[in-house]
Amino acid sequence: MLKLSDLSIAYQDKIVLDHLNFTAEKGEIIGVAAPNGTGKTTLFNIIANYTKPDSGRVLIDGKYTYRNEKEEVLIHKLLTTFPEQKDLFDELSGTAHLNLYASMWNGSSKHVPAIIDKLQMTHYVKKKAKTYSLGMRQRLCFAMMMAADTTVMLMDEVMNGLDVTNVALISDCLLEMKRKGKLIFVASHLLENLDLYADRVIFLKEGKIVHEQRFTEDRDIYLKVELTPVSYDELKTKIELPPAHVYIAEHLLCIPLDGLTLPEQTRWIEQILGQFGHHLTVGPLGTVEYYEKYYS
Amino acid sequence: MRWNYILFETKMLLHNRKNWLLGIAIILFFPIYYLQYSQTDIETLRDQKNIEAEQFHSIFKAFPEEMRETKEGQNIYDNLTEQASLINMQRFYLWDEEENASYIKDGLRLNELRLELHEAGNKGIHPNYIFSKEEIHKEIALLNYYQKHSVSITPDPFVASNYIPAALDTIGGLPFSLLVLLIGSSMLLHDQQNRSVMNGLPVSFLQKMFSKVGIHLGQIFVFLVAGIGIGSVYVAMKTGWGSFTSPVLLYSSGNFTAVSTVHYVLLQLLAFLLISFLLLVASILVNDLTKNMYATVLSIVFLLLLPSLLLSAGIDASWLRPLVMIDIGAVLSGEAALRFETASMDYQHALSWFVGLSLVMMAVLYMKTKLQYFPNPSVRGSQN
């Protein structure tokens, strides 16, 4: 559905994207994790052709790329980007915003009332946008994406300003949209939340995808324990840690259990429990842990 | 999609308070300007004929006696005598509407004699009293119109039919251009201020531009027509409607022709339409360079003022004539042609220039859009 080939862009001396390659299919949610200023928004802007890359190309639906304006319009019929709260029209109601997106992409706004119900916006959607709180604005922005109902959606900071209830509500909607075959890119700082609905999370660093975490495949299991740097150094003198272990952000030691026999795994658990008591978990590395691994 | 986009843009336009204020200014201009216009001392046909008659005392006084001794001199003197007689008869006919035909017949003969004098070199006549060829042709055009159409030869200058073309001539030129530029200045505003909402709409740039220009053009014309309507009703209530078939002089290809007021007003409106379109397209193009609506308006106003500034500085600005023609009132009346001493400054040339310049600007916008998709040669290899 979407193929990024050899994308590169640099602003003066800073390389933002460096020969980046990536492919995604319909029915996937791709999380994009990276600190601010590492190229998430630039990546989305290039996919939507708001920014021209220095090199490389974006291929959508196997045939469309940004060769001319006609193709750009064809791509934009398949693709929407998440509006920013500050860009909403203060003098227009939420309904007017939703009708704009629904009619521009689908030629009809019949499905708008259902979206309003789903996102629990009925009590405010007819008021002017200037009266909305941050959370209300954010829900409206998300509702606009639902109203456009395109195959590809690029959502930058989709959970900004939302409370726990609304994060759960939007997460449900994302899962439902995925089931309907949408390809959704989500850039969010709520990393644990990404684990709930993303099929993959990519980590951008120095213009490249440094890691791709796939939730749909079997993942390596780790023995995880909270450890101070002093304790970690002490432990290394007492026990020979496996070469594949990782010590994340100077607080989390992760020992891979894959490839070990059951007695070996038990021995490691006993050793760690003996040393550090109850501070121990077993499981794959989550988005937060990978994030800390690459950016701390 | 495009229709939905136009509907949305129209909704945004209706929310634009600045444009409503400008619209009210346009509408109010027509009744308010009448307060000043009605105080103007407009020379009537009777006044004009009285002045012409009085001038003959001086003309005969200044005519060299010795010239009358030659055959040529005697012919000129006879010509002048006949002219004086015809003018006095015209003054008499003006008192009776029934004598319109006689007035016209004498008027045509009078101007024939004036032209004969021009052919004879106006010998013996003081230069101050020579009736210019332009004035003669203007009068012939009016007389021919009166002869062809049975309309009053002494219309009240303060009735609605006479006021509306005068008001349109007054608002035309720089004031109208400024209003159009100010109304159009917000055309791209929400595309810039609400970028992330508007950016990805599946509509091409040119479709967006034409939709915006179209609805702004519509709005300007609604204001203009409303102003004309309200102004006409106001004046009609004060002095009467007048006759919209009464003649107005129109300059065309070096000649003056008399056309009906309706014809003249329609020409004015057509010119206003083309000027508005040209200015709106120009403001999109300039805004694309400046990215600032104030800079856009100021740049275009400066361009429009440039020919007058250069002319007053004594610099040849003939190549900027198309911009002078924005003052369509001066073009239609022939004033611009006389000022710049060229017969090509008539309404046909003006309208052609407006269409031509608009096409050029649209072509530039089209090419600019096309060029955005040309790959950068330095990275062409990696684009494929």
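Reply: In strand S8 of chain A, A:Arg200 is the residue that stands opposite A:Ile30. The model is a predicted one, in which local features need pLDDT of at least 70 and side-chain atom pairs count only at pLDDT 80 or more, while totals for chains, interfaces and linings use all residues. Residues are numbered from 1 along each chain as its sequence is written, and chains are lettered from A and ligands numbered from 1 in the order in which they are written.

Strand S3 (residues 29-33) and strand S8 (residues 200-205) of chain A run parallel and are joined by 4 bridges. Two strands count as paired if DSSP finds at least two bridges between them; strands (E, at least two residues) and helices (H or I, at least four) are DSSP runs, numbered from the N terminus.

This pair belongs to an open sheet of 6 strands in chain A, with mixed pairing and the order S5-S6-S7-S3-S8-S9. Strand S5 (79-81) and strand S9 (208-214) each have a single partner strand, so one side of each is left without a neighbour in the sheet. From one strand to the next, the twist averages 15 degrees, where axes are lines fitted to C-alpha atoms (for helices over the stretch in contact) and angles run from 0 to 180 degrees between N-to-C directions.

The description now turns to the nonpolar cores. A nonpolar core is a set of buried Ala, Val, Leu, Ile, Met, Phe, Trp, Tyr and Cys residues joined through C-beta atoms within 7 Å. A residue is buried if 20 or more other C-beta atoms lie within 10 Å of its own, exposed if 12 or fewer, and partly exposed in between, with C-beta atoms placed from the backbone. The largest core has 90 residues, and A:Val32 and A:Ala143 are among those with the most contacts inside it. Helix H5 of chain A gives the most to this core, with 10 residues. Leaving aside neighbours within four places in sequence, A:Ala143 is in contact (C-beta atoms, placed from the backbone, within 7 Å) with A:Leu98, A:Ile115, A:Leu119 and A:Met121.

The loop between helix H4 (112-118) and helix H5 (134-148) of chain A holds A:Gln120. Phi of A:Gln120 is near 50 degrees, a positive value in a residue other than glycine. A:Gln120 counts as partly exposed because 13 C-beta neighbours lie inside 10 Å.

Key: Contact = placed C-beta atoms within 7 Å.
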